[in-house]
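Please look over the structure below before reading my comments. Keep it open as you go through the points.

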Amino acid sequence: KQPARSSGSCSLGGEWQLFRAFLSVFCSAGRSSSPLAVMDTSGIDYATLDGEVRLWQALLEEQPPAHPAELVESLEGLRSLGELPTRLLQETKVGVVVGALARESASQEVRGRASELLQLWKGLHRKRRAGEISGAE
């Protein structure tokens, strides 16, 4: 059995606050009006995007699990990155982490948000594949 967590706590401690501060600066630098708005990632290099995905992923994977509100915020942070390259999703295996939350989280809201994100990624992947197949003909 995992130890109980107090509301709003995070085992990453200062890193969580630092990451939130980073998002605040990132968004105020003209990238987006809100960290939860979908960003245009076309101008972001792959390494930067990879780093952002891995930061959100680390917050989703922490043990003991983060508070449901932190998990929802992390899932929304991933969603806000918009259309992620298939290669990035494969390399980070972030979909496996999100899938585990969709199946196993005690929070119905977390399960729902994780499922929505998976459906979004699957739909985008299907559209890409359909474009590749029709473009090959």
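Predicted model: local features only at pLDDT ≥ 70, side-chain atom pairs only at ≥ 80, totals over all residues.

1. Residues are numbered from 1 along each chain as its sequence is written, and side-chain values use heavy atoms, with hydrogens and water left out.

2. Start with helix α2 (residues 46–61) and helix α3 (residues 68–80). Helices here are DSSP runs (H or I, at least four residues), numbered from the N terminus. The two axes come within 9 Å and cross at roughly 160 degrees. An axis is a line fitted to C-alpha atoms, for helices over the stretch in contact, and angles run from 0 to 180 degrees between N-to-C directions. α2 and α3 are therefore roughly antiparallel to each other. Angles under 35 degrees count as roughly parallel, over 145 as roughly antiparallel, 65 to 115 as roughly perpendicular and the rest as oblique.

3. α2 passes α3 in a left-handed crossing. Left-handed means that the near helix is turned anticlockwise from the far one by less than a right angle; clockwise would be right-handed. On the α2 side, the contact uses Val53, Trp56, Leu59 and Leu60. On the α3 side, Leu71, Glu73, Ser74, Leu75, Gly77 and Leu78 take part. Contact means heavy atoms within 4.5 Å. By class, there are 7 nonpolar, 2 polar and 1 charged residues in this contact. Ala, Val, Leu, Ile, Met, Phe, Trp, Tyr, Cys and Pro count as nonpolar, Asp, Glu, Lys and Arg as charged, and the others, Gly among them, as polar.

4. Next, α2 and α5. Their axes lie 10 Å apart, at an angle of about 30 degrees. This crossing is left-handed. Val53, Gln57, Leu60 and Glu61 of α2 meet Val94, Val97, Val98 and Leu101 of α5. The contact has 6 nonpolar, 1 polar and 1 charged residues.

5. How do α3 and α5 pack, and at what angle? The angle is about 140 degrees, and the axes are 12 Å apart. That makes α3 oblique to α5. The crossing of α3 and α5 is left-handed. Leu71, Leu75 and Leu78 of α3 touch Val94, Val98 and Leu101 of α5. Those residues divide into 6 nonpolar, no polar and no charged.

6. Now the largest pocket. It holds about 300 Å³ of space. On a 1 Å grid over the protein atoms alone, a pocket is an open set of points where a 1.4 Å probe fits, with protein on both sides within 12 Å along at least five of seven lines; lining residues have an atom within 4 Å of a point. The volume is the space filled by probe spheres set on the points. The lining has 15 residues, and Pro65, Leu71, Leu101, Glu104 and Ser105 lie nearest the centre. α5 (94–104) and α3 each supply at least two lining residues. α5 gives the most, with 5 residues. The lining has 10 nonpolar, 3 polar and 2 charged residues.

7. The second largest pocket holds about 230 Å³. Its lining includes Thr86, Leu89, Gln90, Gly95, Leu118, Trp121, Lys122, His125 and Arg128. α4 (86–92) and α6 (108–136) each give two or more residues to this lining. α6 gives the most, with 5 residues. The classes are 3 nonpolar, 4 polar and 2 charged.

8. Two loops deserve a look. Which peptide bond is cis? The bond from Gln63 to Pro64 is, with omega near -5 degrees. Pro64 sits in the loop between α2 and α3. Lys93 is in the loop between α4 and α5. Lys93 is not a glycine, yet has a positive phi of about 60 degrees.
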